Amino acid sequence: MSFTDSSEAPIYAGLVEEHGDVLAEVRRVAEETLREADRAVDFSDVRRSAAYR
């Protein structure tokens, strides 16, 4: 079932219409946060520069 199909989930469709697709926004922000966290803890440049010493 597709949650955007209003014939199958009229309550959800009404909520999306009133408040926007909160679940899609949460998913987008979570993915962005994971990418930022990966960059924040990426020590590959540190290891590479130490190997050249």
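R28 and E32 form a salt bridge in this predicted model, with 3.0 Å between the closest N and O atoms. Both residues belong to helix α2 and sit 4 residues apart, about one turn of the helix. R28 also pairs with E25, and the shared partners join E25, R28 and E32 into one network. The structure holds 2 salt bridges.

- In the bridge between E25 and R28, the closest N and O atoms are 2.7 Å apart.
- E25 and R28 are 3 residues apart in helix α2, which spans residues 22-40, so about one helical turn separates them.
- An α-helix has 3.6 residues a turn, so residues three or four places apart point the same way.
- E25 has a relative accessibility of 39%, so this residue counts as partly exposed.
- R28 counts as partly exposed because its relative accessibility is 41%.
- E32, with a relative accessible area of 31%, is likewise partly exposed.

**Loop between α2 and α3**

- D42 is located in the loop that runs between α2 and α3.
- The side chains of D42 and S44 make a polar contact at 2.8 Å.
- The relative accessible area of D42 is 45%, so D42 is classed as partly exposed.
- F43 also has its place in the loop between α2 and α3, and helix α3 covers residues 44-51.
- With 47% relative accessibility, F43 counts as partly exposed.

**Nonpolar surface patch**

- A nonpolar patch on the surface is formed by V41, F43 and V46.
- Together these residues contribute about 300 Å² of accessible area.
- One of the patch members, F43, is placed in the loop between α2 and α3.

**Helix α1 and the residue after it**

- Helix α1 runs over residues 10-19 and is hardly covered.
- Of the 10 residues in α1, the count of buried ones is 1.

**Overall architecture and surface**

- The protein has 3 helices and 0 strands.
- Along the sequence, the order of elements is α-α-α.
- The protein has 53 residues, of which 4% count as buried.
- Its accessible surface comes to about 4800 Å².
- Carbon and sulfur atoms account for 58% of that surface.

**Confidence of the prediction**

- The mean pLDDT of the protein is 82, and 74% of the residues reach 70 or more.
- Among the elements, α2 has the highest mean pLDDT, at 95.
- The lowest mean pLDDT among the elements is that of α3, at 69.
- Where pLDDT is low, the predicted coordinates should not be read in detail.

Terms used
Residues numbered from 1 in each chain as written. Predicted model: local features only at pLDDT ≥ 70, side-chain atom pairs only at ≥ 80, totals over all residues. Heavy atoms only, no water. Salt bridge = Lys/Arg side-chain N within 4 Å of Asp/Glu carboxyl O. Helix = DSSP H or I, 4+ residues; strand = E, 2+ residues; numbered from the N terminus. Buried < 20%, exposed > 50% of the residue type's maximum accessible area, 1.4 Å probe, protein only. Patch = residues over 30% accessible without salt bridge, like charges linked within 9 Å, V, L, I, M, F, W, Y side chains within 5 Å. Areas by Shrake-Rupley, 256 points an atom, 1.4 Å probe, with all protein chains shown as cover. pLDDT = per-residue confidence, 0-100. Polar contact = N/O pair within 3.5 Å; in protein donor to acceptor, adjacent residues only side chain to side chain.
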